[in-house]
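I opened my notebook to keep track of what I looked up, one entry at a time. Here is the structure I had on screen.

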Amino acid sequence: MIEVEHLSKQFGPIVAVDDITFKVGKGEIVGLLGPNGAGKTTTMRMLTCFLPATAGSASVAGCDVFRNSIGVRKNVGYMPENNPLYTDMRVEEYLRYRAALKSIPVWDRRKRVAACMDRCAISDVQAQIVGTLSRGYRQRVCLADALLGSPPVLILDEPTSGLDPNQIRETRTLIRDLAREHTVMISSHILPEVEMTCERVLIINRGRIVADDTPGNLSSTLSGDFVEVEVKGPAKEVRAAFEKISGVSEIADMKEGEFNWLEIRVAKDKDVRDDIFRCVVEKKWALREMHRRRASLEEVFATITTGSEKDN
Ligand SMILES: Nc1ncnc2c1ncn2[C@@H]1O[C@H](COP(=O)(O)OP(=O)(O)OP(=O)(O)O)[C@@H](O)[C@H]1O
Ligand SMILES: [Mg+2]
C-alpha cells in the first residue's frame with residue numbers, strides 16, 4: 001500500500017530524511033518511531049504530497065506521489081501534527097466543508113460526517129466552534145476529517161499527543177479498530193504507544209531507518225536480554241567473575257552491599273543463566289534471585305538512537 005524507495009529530503013544544508021526505503025502492506029498497522037527531529041513528519045508530508053522529496057520515489061495505494069498527487073490525496077487520510085483546523089467554524093460545518101473538498105457527493109455528506117463524528121466521539125460537540133474546543137477534541141476533529149473519504153490508507157502524525165490517559169486509551173482502541181479496514185501508519189516518540197498499537201515498527205533516527213521489525217522481535221534480537229541477579233559476595237569479585245562469562249556484554253550495578261543486585265545485559269541469542277549459577281556455586285557465594293527479562297522497546301530505542309549518534 002505504501003512503497004518508499006531511497007526517499008530523501010533536504011532543507012538547505014539539513015538532511016531531514018536520508019535515503020529511506022520501506023514498504024507497508026495492505027491492512028498493516030505500522031508505527032514510525034523516532035526522537036524529536038528524526039524526520040517522521042517530513043516523511044509523512046512527503047507521502048501525503050504536502051512536501052516534494054529531494055530524491056527517491058514513493059507511491060501510496062498505487063499512486064506515485066510525484067506524478068499522481070490527486071490520486072494519492074484521494075486514497076490517504078492524513079492527520080497532520082498540531083491539528084491545523086479552521087477555528088471559526090463549527091465542528092459539523094467544518095467537517096461538511098472538508099467533505100465537499102474531498103468530493104464526497106452532496107447526498108452522502110451529512111451521513112458521512114455524522115458517521116465520522118460518531119466514530120471519533122465528537123457528536124456531542126458538533127455545534128461548538130472549533131476554536132473553543134479543548135486540544136483533545138480538536139485532535140478528534142482532525143481524525144474525523146482524515147476518515148471522511150473512507151480512504152484505504154491513514155497516515156496519522158502523533159495521533160495521541162496531548163491527550164489525557166483516558167483519551168489515549170480510547171484513541172488507541174479506535175486506531176486498532178481502524179486498522180481492520182485501513183492500512184495505518186502512525187508516528188510517535190512514545191514507545192508504549194507504538195508497542196501497544198502497532199504490528200510493526202520502523203525506527204527512524206536522524207533521517208535514517210535504523211530498524212524495521214515487530215516490537216517483540218526488536219526487543220529480543222536487537223538488544224538481547226537482561227538477566228537480573230542478586231548475589232551475596234564481594235561486589236568487585238562478583239562483577240569481575242560475571243564479566244568473564246561468555247555472552248555477557250554489560251553489567252550495571254543496581255545495588256551494592258552484602259547482597260549485590262546486578263543487571264546483566266546479554267548478547268543476543270545467548271542464555272548465561274547456567275554459567276552464572278555455576279560460577280556462584282564454584283565461588284561459594286549465595287544466589288538469592290535470578291531472572292531473565294526481555295529488553296523493552298524503550299531500551300532498544302535508546303540503544304539504537306543513542307548508538308548511532310556516537311557513530312556520526
Ligand atoms: N520546512 C523546514 N525547513 C527547514 N528545516 C526543516 C523543515 N521542516 C523540518 N525541518 C528539519 O528537518 C528535521 C526533521 O524534522 P521533522 O519535523 O520531520 O521531525 P519529527 O521526527 O517529526 O520530530 P518531532 O518528534 O519533533 O515532531 C529537523 O531537523 C527539522 O528542523
Ligand atoms: Mg513531527
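This is a predicted model: local features need pLDDT of at least 70, side-chain atom pairs count only at pLDDT 80 or more; totals for chains, interfaces and linings use all residues.

Next I asked which residues are the closest to ligand 1. Of the 13 residues that surround the ligand, the closest are Phe11, Ala16, Lys40, Thr41 and Thr42. I then checked which elements give two or more residues to this shell, and found β2 (14-24) and α1 (40-47). The most comes from α1, with 3 residues.

Then I stepped back to the domains. The protein splits into domain 1 (2-219) and domain 2 (225-294). I looked up how their centres lie, and 45 Å separate them, taken over C-alpha atoms.

My next entry is on a sheet. I found an open one of 4 strands, in the order β12-β13-β11-β14, with antiparallel pairing. Why do β12 and β14 each have one side without a neighbour in the sheet? Both stand at the edges and have a single partner strand each, so one side of β12 (248-255) and one side of β14 (286-294) stay without a neighbour. On average, neighbouring strands here are turned by 20 degrees against each other, direction ignored.

I followed one pair in detail. Strands β11 (residues 225-232) and β13 (residues 259-266) run antiparallel and are joined by 7 bridges. In β13, asparagine 260 is the residue opposite valine 231.

Last, I looked at the helices that pack on this sheet. Helix α9 (residues 235-243) touches β11, β12 and β13, and its direction makes about 160 degrees with that of β12. Helix α10 (residues 273-282) touches β11 and β14, at about 170 degrees to the direction of β14.

Conventions: Residues are numbered from 1 along each chain as its sequence is written. Chains are lettered from A and ligands numbered from 1 in the order in which they are written. Domain bounds come from an automatic or database domain assignment. A residue is near a molecule or strand if its C-beta atom, placed from the backbone, lies within 6 Å of it. Two strands pair if DSSP finds at least two bridges between them. Axes are lines fitted to C-alpha atoms, for helices over the stretch in contact, and angles run from 0 to 180 degrees between N-to-C directions. Two residues are in contact if their C-beta atoms, placed from the backbone, lie within 7 Å.
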